[in-house]
Amino acid sequence: MLRLLIGMCIFSTAKAWVSRPQSAFRQQAASCRSQVKATQQYKMLPDAAISIIAGSIAGAVGVGAAYPLDTIKTKQQVDIEIYSNIEYDVSSTGEVSIIAAASSNNDSLLPTVLEIWKNGGLGGFYGGVQTSMIGQAIIKAAAFGVNAAALDAHYSMVHAAAIAGFITAFLAVPVDRVKVLMQTDSYKSEHECLKSVLENEGLGGLLFTGLVPTLFREVPAYTLYFFLYGALMSSATETLGSIAPAFSGALAGAICVVPVHPVDVVKTIVQHSAAEWQDVVADIYEGQGFEGFWEGLFPRMGRAAVNHAVTFAVYDFIVHKI
């Protein structure tokens, strides 16, 4: 089932890429910008500023709406860290052999949901939500603002999205670090979490732990994210009307997380344990094999669909109202 889902996502993306050449995307982007400008001639704010304002509000609302699913995803991914610790047996002759890692009990959603509810009730699903909403407001403001500025500078849609992903990766690291630690019940409050990380690991532990996997997640994810959204909007606007942004955002969000999910698993464990990403990759593979890199995929796809449906719906509403 998992391999079939991944194959379908790759096929859909490849089909959209072939059927929509880059020149068509540049024409579409130019047309969208000209339409927005035509309706905003009497307004004081430039497109990039509007994108920053709309993106910040939309990002905060979107992450808040989908946060319980994100918590479930994080808990499942951290379980991989627990069950991927490799044990070794040394025989009397000095021969070393690997003992198979135990299997996780949280392969399905229900045990994870029940565990979160048992330990923290409803509030357990919202650990670190305040920091995440504030952080995502900044991240999405940067993403939409940089993407709009790059398109105005005549970069292609793909290049503009990749630039946005690169820049937002540096903003996402400290936000995700706090989020992961709070979602895994490592601290009672976000203030306590920040204080502990800064005292034990310094500023670098907050700003750079997990940066490499975050870069490898954000750049391709944002590239695919904006690309698919543009492709879907070009065909969905006429048929779906005002709900096209929500539909396109949900589908683009759910699809774009699939190819980068293994990187997200590694990033989550790195930010939870402050381990080196190379060691995390080796431990997951030796303990759980290829399947271990796909833990938490389905709640993450659900979170992405809800998050980006709300994000793009709010963003589109604000852009047309400012």
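Reader: Buried means under 20% relative accessible area, exposed over 50%, and partly exposed in between (1.4 Å probe, protein chains only). Which class does Ile138 get?

Author: Partly exposed, at 48% relative accessibility. One caution first. This is a predicted model, where local features need pLDDT of at least 70, side-chain atom pairs count only at pLDDT 80 or more, and totals for chains, interfaces and linings use all residues. Residues are numbered from 1 along each chain as its sequence is written, and side-chain values use heavy atoms, leaving out hydrogens and water.

Reader: Where is Ile138 found?

Author: In helix 5. Helices here are DSSP runs (H or I, at least four residues), numbered from the N terminus.

Reader: How many residues apart in sequence are Ile138 and Ile52?

Author: Those two are 86 residues apart. In space, their C-alpha atoms are 8.6 Å apart.

Reader: Back to helix 5. At what angle do the axes of helix 5 and helix 6 cross?

Author: Roughly 165°. Helix 5 covers residues 129–152, helix 6 covers residues 157–183, and their axes come within 8 Å. Axes are lines fitted to C-alpha atoms over the stretch in contact, with angles from 0 to 180 degrees between N-to-C directions.

Reader: Which residues in helix 5 meet helix 6?

Author: Ile138 is one of them, and others include Thr131, Gly135, Ala142, Val146 and Leu151. On the helix 6 side, they meet residues including Met157, Ala164, Leu171, Val175 and Lys179. Contact means heavy atoms within 4.5 Å.

Reader: And how many of that contact are nonpolar?

Author: There are 17 nonpolar residues, with five polar and one charged. Ala, Val, Leu, Ile, Met, Phe, Trp, Tyr, Cys and Pro count as nonpolar, Asp, Glu, Lys and Arg as charged, and the others, Gly among them, as polar.

Reader: What is in the loop between helix 5 and helix 6?

Author: His154 is found there. His154 has a positive phi of about 70°, although it is not a glycine.

Reader: His154, buried or exposed?

Author: Exposed, because its relative accessible area is 68%.

Reader: New topic. Where does Ala274 lie?

Author: In the loop between helix 10 (261–273) and helix 11 (277–288). Ala274 is also a residue other than glycine with a positive phi, near 60°. At 39% relative accessibility, Ala274 counts as partly exposed.

Reader: Is Cys193 buried or exposed? And Cys256?

Author: Cys193 is buried, at 0% relative accessible area. Cys256 is at 5%, so it counts as buried.

Reader: What does helix 9 pack with?

Author: Helix 8. Helix 9 spans residues 244–256, and the two pack at about 150° with axes 8 Å apart. Cys256 is part of that contact, along with residues including Phe247 and Leu251 of helix 9 and Leu224, Tyr225 and Met233 of helix 8. By class, the contact has 16 nonpolar, four polar and no charged residues.

Reader: Thr214, buried or exposed?

Author: Buried, at 0%. Thr214 lies in helix 8 (residues 211–240). Leaving aside neighbours within four places in sequence, Thr214 is in contact with Ala169, Ala172, Val173, Lys267 and Gln271.

Reader: Last one. Where is Arg300, and is it buried or exposed?

Author: Arg300 is in helix 12 (residues 297–321). Arg300 is buried, with a relative accessible area of 5%. Beyond neighbours within four places in sequence, Arg300 is in contact with Lys73, Arg217, Val257, Val260, His261 and Asp264.
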